[in-house]
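User: I'd like to learn how to read a metal site in a model. Could you walk me through one?

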Amino acid sequence: MKSEELFLKAEELFSQISQDNEVLRLFKYHSLRVMNFSILLGKMVGCYDDDLKIASLLHDIGKIGLTKEILLKPSKIEDLEYQIIQAHSTIGNNILRKTLNLPRAAVFVRDHHERWDGKGYPRGLEGEDITLQGRIIGICDAFDTMTIDRRSYNQSILTYEEALRELKRCSWSQFDGRLVDKFEDLLNILKLPCPETWKENEPMIRSVFSFENI
Ligand SMILES: [Fe+2]
Ligand SMILES: [Fe+2]
């Protein structure tokens, strides 16, 4: 299958699932933004390709089996519930490998919650043992969650500056510090609209990320 067709297949799966599944519906625009951030960051470090595009779009697809009650629980999450949430990287890996037959993209999905210091999941991989693409998705995912996505669950959000400071604070512990520096360069180029004006729709996302000169 050609890469264009592969992406269309992944996109079809994504839109089908984000329509039918109440949990993934919540993540639809988060996933689209993470994909767009990841494409641009990937281009900046020279590793952009369709596997990165598909993996970033589907990075949280493994949450399909979770209930809203666990995922959006306002009180403290129990150990078992945390383990269930963590399983989404492995489930996502299986979906990409077995359903979409994309073993390379599947590894990027598996790696998106690994940490540079080895304290992440599911494997506790360290540093460059984590795929570069997994590290890229991890940074874009964290930034979007802190600045925009939390808003969907009525949780407080950080400003872009605060979130960038947080990424830097976690450089070389949670994140690859070199990629955080590149992400800062990207933010300077992108000029994101203020979070209050973000709208959950595709034209908004297209207009923000339609930056071609990277
Ligand atoms: Fe995730
Ligand atoms: Fe995510």
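User: Are Asp60 and His88 buried or exposed?

Analyst: Buried means under 20% relative accessible area, exposed over 50%, and partly exposed in between (1.4 Å probe, protein chains only). Here Asp60 and His88 are both buried, and His30 is buried too. A word on the model: it is predicted, local features need pLDDT of at least 70, side-chain atom pairs count only at pLDDT 80 or more, and totals for chains, interfaces and linings use all residues. Residues are numbered from 1 along each chain as its sequence is written, chains are lettered from A and ligands numbered from 1 in the order written, and side-chain values use heavy atoms, leaving out hydrogens and water.

User: Which residues are the protein donors of the iron ion (ligand 1)?

Analyst: Donors are N, O and S atoms within 2.8 Å of the metal (3.2 Å for Na, K and Ca); water is not among the atoms, so sites may look incomplete. For the iron ion (ligand 1), they are Asp60 (OD), His88 (NE2), His112 (NE2) and His113 (NE2), 2.2 Å from the metal. Their spacing along the chain reads D-x27-H-x23-H-H.

User: And which are the protein donors of the iron ion (ligand 2)?

Analyst: His30 (NE2), His59 (NE2), Asp60 (OD) and Asp141 (OD) lie 2.1 to 2.3 Å from the iron ion (ligand 2). Asp60 coordinates both iron ions, which are 4.1 Å apart.

User: Why is the arrangement around the iron ion (ligand 2) irregular?

Analyst: Four donors count as tetrahedral if all angles lie between 85 and 135 degrees; four count as square planar and six as octahedral if opposite donors are over 155 degrees apart and all others between 65 and 115; anything else is irregular. Around the iron ion (ligand 2), the arrangement is irregular because the 4 donor atoms subtend angles of 77 to 173°.
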